[in-house]
Amino acid sequence: MAQRNVKQARAGAAEDVGGGQAGSAADAHVGRRISLPQYETVALMLQGGGALGAYQAGVYQGLDEAGIHPNWVAGISIGALNTAIIAGNAPENRVARLLAFWETICQPAFGPPLPAFIEHAFFNSSDAVRKAFTAMQAVGALVEGQKGFFVPRFPPPMPTISGAPQQASYYDTSPLKATLERLCDFDRINAREMRVSVGAVNVGTGNFAYFDNTHTKLRPEHFIASGALPPGFAAVEIDGQYYWDGGLMSNTPLHEVVQTTPRRDTLAFQVDLWSARGPVPDSITDVQGRMKDIQYSSRTRLVTDMLQRSQRFRHVLREVLDRVAPEHRDDAWCKLAEELSCSKRYNVVHLIYRHKEYEGHYKDYQFGLSTMREHWESGLIDIRRSLAQPDWLAMPDNDAGFITHDIHRDGG
């Protein structure tokens, strides 16, 4: 079933991509294996965003089609859960396992899902019907939970009654642990076939923490902690410390990957689920949705611009040092400049989910199967179009040694 649905997703995305000049170019590249320049790191960075995370699965499918297999995957919140599925499976099984994960958590926790033909009819009806239907699914997630992900606590917690920190939430995520153990091989994750990093916030200190398999043996708890957004989900205890969702502090692992040392030539696919740019809302419902966009977008482009300026200074400093006569290289200032300089190059390809007209403020917890498939397909379309752009994957040759691309910004 999973393999059949993966093929259907590919076919559906190809059909949607086919319209227009850019779509035709992307469609022509489907299935073409891409030979990358000699990047030392190929990173996949996955932002948090709940139900929107199926977009990231579509992006990964497109990378897999092109034969691009990252050697570092970093994620926060739902991005951390997708990270676990990717890193915890052999390359040939990852897309199918991602689909199995998303088809599981996009079902009601207890009651049976709607028959597929009924859901399809509602979802593909008028905008008004679709909005009402998806709102109903979001309410269902709040009332009932999602299969293999979270269920409401019963009885619900009383606001003023103290108890164990891992019980202080409206939902219980123990089903998620079982789902990850079923779909992920944690021995594979800890074998370091690829580097894995997931971000969380230490509840006691307020400090941001990255759990990384280069120095920590990762367990399901590390990934669940990265997505433990309060007050819905409780803090997760790890080695005597309690952790919440990393998105409370920073919702993107971009800075962690680009600023790591020693520096390496890096191709990074930054997959964001919230767009900082968007329309000015004209209703209370739209205000709530726009607030989330701004809050969780983490100002990715601002961070990228800052990193680009920093790398430009390092790169220019390296070029200047190469022009200093050898007899002056022992000067103290030259030695300091040597430490600060860097000739490594960075190419960041942005993929940012675009808000749909019919989506409300509940889009991050509206786990309908039809919506999931549309999110997945959007990611697949965007990465196919990005990979079809001439020279986008080339090693940067500008004075900064740093370049960014975005299919929606650059209009490819």
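# Briefing: annotated residues, a buried helix and salt bridges

The side chains of Thr371 and Gln366 are joined by a polar contact of 3.0 Å, where a polar contact is a pair of N or O atoms within 3.5 Å, of which, within protein, one must be able to donate a hydrogen and the other to accept it, and residues adjacent in sequence count only if both atoms are side-chain atoms. The model is predicted, so local features need pLDDT of at least 70 and side-chain atom pairs count only at pLDDT 80 or more, while totals for chains, interfaces and linings use all residues. Residues are numbered from 1 along each chain as its sequence is written, and side-chain values use heavy atoms, with hydrogens and water left out.

- Thr371 belongs to helix α15, residues 369-387; helices (H or I, at least four residues) and strands (E, at least two) are DSSP runs, numbered from the N terminus.
- Thr371 is buried, with a relative accessible area of 1%, given that buried means under 20% relative accessible area, exposed over 50%, and partly exposed in between (1.4 Å probe, protein chains only).
- When residues up to four places away in sequence are not counted, Thr371 touches Phe123, Thr134, Gln137 and Gln366, with contact meaning heavy atoms within 4.5 Å.

**Residues annotated in UniProt**

- In an unreviewed entry, UniProt places the feature "active site" at Ser77 and Asp245; although these positions are spread over 169 residues of sequence, they cluster in space, the largest C-alpha distance being 5.9 Å.
- UniProt positions are given in the numbering used here, feature names are shortened, and annotations may be inferred rather than shown by experiment.
- Ser77 sits in the loop between β2 (72-76) and α4 (78-87), and Ser77 is buried, with a relative accessible area of 11%.
- Asp245 is part of strand β8, residues 241-245, and Asp245 is also buried, with a relative accessible area of 3%.
- The side chain of Asp245 makes a polar contact of 2.7 Å with the side chain of Ser77.
- Leaving aside neighbours within four places in sequence, Ser77 is in contact with Gly48, Ser226, Gly227 and Asp245, whereas the contacts of Asp245, with neighbours within four places in sequence left aside, include Ile76, Ser77, Ala200, Val201 and Ala225.

**Helix α4**

- In α4, 10 of the 10 residues are buried, so the helix is largely enclosed by the rest of the structure.
- Among the buried residues of α4 are Ile78, Leu81, Asn82, Thr83 and Ile86.

**Salt bridges**

- A search of the whole structure finds 13 salt bridges, a salt bridge being a side-chain nitrogen of Lys or Arg within 4 Å of a carboxyl oxygen of Asp or Glu.
- Glu40 and Lys344 meet through their side chains in a salt bridge (3.2 Å, N to O); this pair links distant parts of the chain, 304 residues apart, with Glu40 in the loop between α2 (20-29) and β1 (41-46) and Lys344 in the loop between α14 (332-340) and β10 (346-352).
- Glu40 is partly exposed, with a relative accessible area of 29%, and Lys344 is partly exposed as well, with a relative accessible area of 24%.
- Arg384 forms a salt bridge with Glu65, in which the closest N and O atoms are 2.7 Å apart; Arg384 lies in helix α15 and Glu65 in helix α3 (residues 54-65), so the pair ties together parts that are 319 residues apart in sequence.
- Arg384 is buried, with a relative accessible area of 4%, and Glu65 counts as buried at 10% relative accessibility.
- A salt bridge (3.0 Å, N to O) joins the side chains of Arg329 and Glu338, and Arg318, Asp322, Arg329 and Glu338 are linked in a network of salt bridges.
- Arg329 counts as partly exposed at 25% relative accessibility, and Glu338 is partly exposed, with a relative accessible area of 35%.
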